[in-house]
Amino acid sequence: HNMLHGAPGDGAGLSATDEEAYLSVADRNARDLTRLVRAGDLVLAHDPQTAGLVAPLRAHGARVVWRCHVGADVPNDLVREAWAFLLPHVVEADRAVFSRLAFAWEGLDRARVLVIPPSIDAFTPKNQPLPPGTVEAILRASGVHKGDGSTAYFTRLDGTPGRIEHRIELPGGSALPATAPAVVQVSRWDRLKDPEGVLRAFGDGITPRTDAHLV
């Protein structure tokens with residue numbers, strides 16, 4: 001994933017051991033999926049983690065579209081190494097979808113390459129409006145806010161109930177009072193997301209002026 005951006009990741013490159021691990025996980029997931037997918041189904045596989053599923057799902061009779069939203073306008077050697085690692089799997093897809101034309105890989109059949117800009121699914125639970133009481137219950141149940149938060153429920157758009165069961169980790173920190181102002185960064189902890197920049201911006205620009213917390 002990092003190398004597709006042109007970044008080194010852990011700096012170790014992609015080895016035969018990495019390929020063995022990748023294929024092993026893909027094979028295990030493909031066996032699970034083939035219990036759910038029927039011949040003629042359309043499967044949308046997303047990002048490099050899923051490329052290894054393309055061939056087994058097509059062999060099962062599904063039509064497979066593989067989409068990758070990450071890339072680099074000007075590919076370097078790291079990008080091309082990632083392409084070489086994944087290309088044997090991606091060429092099996094009925095279509096390959098990229099967010100920008102510049103992200104489309106060398107070595108793919110351009111007749112099967114499509115460009116679709118990134119989009120947000122407005123119908124997922126995380127994008128539906130919630131009443132204030134539900135929001136506060138979720139923040140307590142997840143451990144962001146202080147207070148009794150043993151249970152928090154929400155309703156999906158299809159009417160089925162969902163329950164918050166996982167709590168956040170707070171190494172060296174504590175839950176916030178419900179009234180505490182907070183600046184929130186939502187992303188994985190990855191150099192590509194610049195967490196150091198977020199910390200510096202908060203420390204230099206926010207803390208001298210407010211009593212806000214960084215989450």
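1. A quick word on terms before the tour: buried means under 20% relative accessible area, exposed means over 50%, and partly exposed is what falls in between, with a 1.4 Å probe and protein chains only. By that rule Asp47 is buried, because its relative accessible area is 8%. Please keep in mind that this is a predicted model, where local features need pLDDT of at least 70, side-chain atom pairs count only at pLDDT 80 or more, and totals for chains, interfaces and linings use all residues. Residues are numbered from 1 along each chain as its sequence is written, and side-chain values use heavy atoms, with hydrogens and water left out.

2. Let's start with the sheet. Helices (H or I, at least four residues) and strands (E, at least two) are DSSP runs, numbered from the N terminus, and two strands pair if DSSP finds at least two bridges between them. Four strands make an open sheet with parallel pairing, in the order 1-2-3-4. Its edges are strand 1 (42–46) and strand 4 (113–115), each of which pairs on one side only. From one strand to the next, the twist averages 25°; angles here run from 0 to 180 degrees between N-to-C directions, with axes as lines fitted to C-alpha atoms, for helices over the stretch in contact.

3. Now look at strand 2 (residues 63–68). Five bridges join strand 1 and strand 2 in the parallel sense, and Ala45 sits opposite Trp66 of strand 2. With strand 3 (residues 95–98), strand 2 pairs in the parallel sense over four bridges, and here Val65 faces Arg95 of strand 3. Strand 2 is largely enclosed by the rest of the structure, because five of its six residues are buried.

4. Next, a helix pair. Helix 1 (residues 16–33) packs with helix 3 (residues 77–90) at an angle of about 30°, and their axes are 12 Å apart. Contact means heavy atoms within 4.5 Å; on the helix 1 side it is made by Asp18, Glu19, Tyr22 and Leu23, and on the helix 3 side by Phe85, Leu86 and His89. Sorted by class, that contact has four nonpolar, one polar and two charged residues. For the classes, Ala, Val, Leu, Ile, Met, Phe, Trp, Tyr, Cys and Pro count as nonpolar, Asp, Glu, Lys and Arg as charged, and the others, Gly among them, as polar.

5. On to the inside. A nonpolar core is a set of buried Ala, Val, Leu, Ile, Met, Phe, Trp, Tyr and Cys residues joined through side-chain atoms within 4.5 Å. The largest one has 32 residues, and Leu4, Trp66, Leu86, Val90, Phe98, Trp105 and Leu108 touch the most other members. At least two residues come from each of helix 1, strand 1, helix 2 (54–59), strand 2, helix 3 and strand 3. Helix 3 gives the most, with six residues. Apart from this core lies another, of five residues, among them Ile138, Ala141, Ala152 and Phe154.

6. Zoom in on Leu108. Leaving aside neighbours within four places in sequence, Leu108 is in contact with Leu87, Val90, Val91, Ala96, Phe98 and Val113.

7. The loop between strand 1 and helix 2 deserves a look. Thr50 is found there, and Thr50 counts as buried because its relative accessibility is 18%. Not counting residues up to four places away in sequence, Thr50 touches Tyr22, Ala45 and Trp66. Asp47 lies in this loop too, and Asp47 has a positive phi of about 75° although it is not a glycine. Most residues other than glycine have a negative phi.

8. Asp194 counts as partly exposed, at 43% relative accessibility. Asp190 has its place in the loop between strand 7 and helix 5, but Asp190 counts as buried, at 11%. Leaving aside neighbours within four places in sequence, Asp190 is in contact with Asn2 and Pro195.

9. Last stop, helix 4 (residues 132–141). Its buried residues include Thr134, Glu136, Ile138 and Ala141, and strand 5 (153–155) is part of what covers the buried residues of helix 4. Just after helix 4, Gly143 takes a positive phi of about 90°.
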